[in-house]
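Trainee: I would like to go through this model with you. Can we take it question by question?

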Amino acid sequence: MAGALLIWIVLLGPVITLLTHLSGSAIASSLTAPGALDPLIVSAESGGITLAVLLLVCTPLAWMLARGTLPFPRIWEAGVLCSLLLPPLVIGLLLIFMVGPYTPFGELIGHFNLSATNTFLALVIAQVYESAPYYVLGAQAAFGAVDPRLEQQAALLGDRPSRVFRRVTLPLAAPGLAMAMAVAWARAMGAFGAVVVIAYHPFGLPLQIWTTLQTTGLASALPFALVLLVIALPLPLAAYIWSARAQGRRRG
Amino acid sequence: MLKADVEVDRREFTLRATIEVAPGQRLALFGPSGAGKTTLLEAIAGLVQPARGTITLAGQVLTSTVRPAVSVPAWSRQVGLLRQDPGLFPHLSVRDNLAYARSVDPAGPELAELAAALGIDGLLKAMPARLSGGQQHRVALGRLLLARCRALLLDEPYSGLDAALRRSLTALVVAMVADRGVPAVLVAHELADAQAFAHRMAVLDRGTMLQVGGPDEVVRRPASRRVAELVGYLGFVPVTEGPAAGLTAGIHPDRVVTGADAARGVVLTGTLAACRPSGAGWEADLALDGAAVTVRLAERPVTDGGQLTVTATDPPLFGPDGAAAAPGRAPDTPAAGSPSP
């Protein structure tokens, strides 16, 4: 018990430190400077779009992985793991070679006056790559925990597959999906390694912290760290609480 | 009328089965684990695609592999399937589970009446996790009945429950099937469960239907030695005398009386190898020359110098190929002597 408490406090150490080192005046002066809140808006917007992309693109993939409908399932899983294991900085470097201005993709979107380096699009791409594997693996586990016999029973009671998905699969997987989204959101908010290479501009919060640290020092970077926590944490916490309650209800 | 005449390829064997169940009738598929019983139910429910054959329900072709091929998807078959796991949706209350099928009005009188008939009317607001196993099965049954399924398939639904609960739930299903007039098929690997439920019984072994008949007939007149083994015959004794000489008599432990009564069947005399209480009577292992049988007797057997004589009443006889040798043997034909001292 005491040991567990100690470990818990040590793990929470950075958060506790942050709270003890912040003064109200420092927060106020940092956040009221002209343009100080721009990174917050950039992060929230890009994070929201990242989440939407993951939801639309990766949810079906996770479902197929969980149901084993894909041939050679191990190879598919290995691919997802591969992107999880790549260091973010390396992802950033490779993305330059993949979607940079002198690549086929870069030239293609160039026709539409778009660019995938140092733009909002680049930021979203980097965040998607950093957070997608966490979402896919979490969502796969969430779908995998749904008993296929319940889906079968729903079909026998007259529901076509799309209705089974909506009335049984999705509600049963929802707590796990919410947790996967929360983790992906936190990853996207904190994405730095890939972002610093491919999307130095526009500044999201992590880069804001980094540049502030570089230019004006520790003390002025801390308030942005708090802002990052404040926008990155509520969603995961809410998802955690909601999913715990949903599971509690099911246990009766 | 539910009719199925199908072949389903499985890894170990091909299931070949033909069944016909009239509305309100109850058929039991009886056989050991892995005989293909569940596969047949799943083919009827539309969860498994047969390699060949047709399935029709109330005149509608559900599956046909003959051109024009038909395969009605599971969700529009209106075939109810109950398994050992009641399969209640854990995120829905009992009421919402009962009203899952779209045709059901969650607040309507039909749901309330059925819930009362099933004894679950006090549980409508509860979540499934709070219910006992028997209550969950009642809800699952109610959910199927409210969905107006046109056939009821039961895959050993109550095999995990205790005997009293199993009996009451089986009686409930029987009453509901009679009330609704739907054909019902039960899969069972316990003979007593199959007999308690069914009008007719089909014996299935390794994908082959060995015999179809009344629940008493299959036990009293097994069509082959294999059927006899499956329905509980525990000894097979070569007959040495009389018109049946050369055949083998199947000895069912429950169809044996103490003493020699050649007019009623085959007289067996052997050494009492073991004797133990069984239910309200006694179970004895008897060692004959070259054969061993187990018999259940009302009274504790009294041996005569270690020897015990019993009469197997009207035993089925099997030829060397294992097929039943005679459809029935009149009790007054001379009893075939058995290995006798």
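Trainee: Over how many bridges do strand 15 and strand 18 of chain B pair?

Mentor: This is a predicted model, where local features need pLDDT of at least 70, side-chain atom pairs count only at pLDDT 80 or more, and totals for chains, interfaces and linings use all residues. Residues are numbered from 1 along each chain as its sequence is written, while chains are lettered from A and ligands numbered from 1 in the order in which they are written. Strands are DSSP runs (E, at least two residues), numbered from the N terminus, and two of them pair if DSSP finds at least two bridges between them. Strand 15 (residues 265-278) and strand 18 of chain B run antiparallel, and the bridge count is seven.

Trainee: Which residue is the bridge partner of Thr271(B) in strand 18 of chain B?

Mentor: Strand 18 of chain B spans residues 307-313. There, Thr271(B) has as its partner Gln307(B).

Trainee: Which residue in strand 17 of chain B stands opposite Glu283(B)?

Mentor: Strand 16 (residues 281-288) and strand 17 of chain B pair in the antiparallel sense over seven bridges. Opposite Glu283(B) stands Arg296(B).

Trainee: Are helix 9 and helix 13 of chain A roughly parallel or roughly antiparallel?

Mentor: Helices are DSSP runs too (H or I, at least four residues). For helix 9 (residues 161-190) and helix 13 (residues 234-251) of chain A, the axes come within 9 Å and cross at roughly 165°. Angles over 145 degrees count as roughly antiparallel, and that crossing makes helix 9 of chain A, relative to helix 13 of chain A, roughly antiparallel.

Trainee: Which helix of chain A gives the most to the side that touches chain B?

Mentor: Residues are in contact if their C-beta atoms, placed from the backbone, lie within 7 Å. The contact takes 17 residues from chain A and 20 residues from chain B. Helix 8 (148-156), helix 9 and helix 13 of chain A each give two or more residues to the chain A side. With six residues, the top contributor is helix 8 of chain A.

Key
Axes fitted to C-alpha atoms, helices over the stretch in contact; angles between N-to-C directions. Parallel < 35°, antiparallel > 145°, perpendicular 65-115°, else oblique. Contact = placed C-beta atoms within 7 Å.
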